[in-house]
Amino acid sequence: MTLEDSYRMVIAEEIRAQKMYQALAKSFAKPETSNVFKELVVLEKMHEEKVRSAFAKEFPGQTITLQEEPIKEMQGVNLNDPQVVLEFAITKEEESVELYKNMAEQTREPEIKKQLLQFAKEEEGHKSILLSEIQRLQGALQWFDPSELSGLMED
């Protein structure tokens, strides 16, 4: 696979992620969960725009056309089980991390290499958001004000 093909694949992945997170935002009834997905849509859109910009720098004068509509990959995923859906989304973020790292290894431009590695790091952050959401759904993650613990902790 050429670097140019990798750019096309990444853009398709970012579009796929946007569509997946838009669908998930609609399917989760709780606003706090829905809002997590809405925020991820925004982040993935920003990645798409930045990748398109990096492509333009790497391949001046060339236009990027996607070979096909991004594949609908959620077939077979139990959309009624939030944890299964979140775990699926995590695997997609992990794939994106690897793709960005591989592209960084192939690029000639130090600035673009740095940007691609930053994207990989940001995708890891998306994974962390999704993991936190799983913990919240399982009741393992509780939000509290640390000042509520004063007097309960030993000094």
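Helix α1 gives the largest share of the lining of the largest cavity, five residues. The model is a predicted one, where local features need pLDDT of at least 70 and side-chain atom pairs count only at pLDDT 80 or more, while totals for chains, interfaces and linings use all residues. Residues are numbered from 1 along each chain as its sequence is written, and side-chain values use heavy atoms, with hydrogens and water left out.

So what counts as empty space here? Rolling a probe the size of a water molecule over the atoms shows where empty space is left. A cavity is a set of points, on a 1 Å grid over the protein atoms alone, where a 1.4 Å probe fits but cannot get out, and lining residues have an atom within 4 Å of a point. The structure holds one cavity of 30 Å³ or more, and about 30 Å³ of space lies in the largest cavity (volume being the space filled by probe spheres set on the points, which are joined across faces, edges and corners). Its lining is made up of Glu 14, Arg 16, Ala 17, Met 20, Tyr 21, Glu 44, Lys 92, Glu 93, Ser 96 and Glu 123. The elements that give two or more residues to this lining are α1 and α3; helices are DSSP runs (H or I, at least four residues) numbered from the N terminus. By class, the lining has three nonpolar, one polar and six charged residues (nonpolar: Ala, Val, Leu, Ile, Met, Phe, Trp, Tyr, Cys and Pro; charged: Asp, Glu, Lys and Arg; polar: the others, Gly among them).

Now for how α1 and α3 meet. The axes of α1 (residues 3–27) and α3 (residues 82–106) come within 10 Å and cross at roughly 160 degrees; axes are lines fitted to C-alpha atoms, for helices over the stretch in contact, and angles run from 0 to 180 degrees between N-to-C directions. That makes α1 roughly antiparallel to α3 (an angle over 145 degrees).

Helices α2 (residues 31–58) and α4 (residues 110–138) pack at about 170 degrees, with axes 11 Å apart, which makes α2 roughly antiparallel to α4. Here the contact has 10 nonpolar, four polar and 10 charged residues.

Key:
Angles under 35 degrees count as roughly parallel, over 145 as roughly antiparallel, 65 to 115 as roughly perpendicular and the rest as oblique. On a 1 Å grid over the protein atoms alone, a cavity is a set of points where a 1.4 Å probe fits but cannot get out, and a pocket is an open set with protein on both sides within 12 Å along at least five of seven lines; lining residues have an atom within 4 Å of a point.
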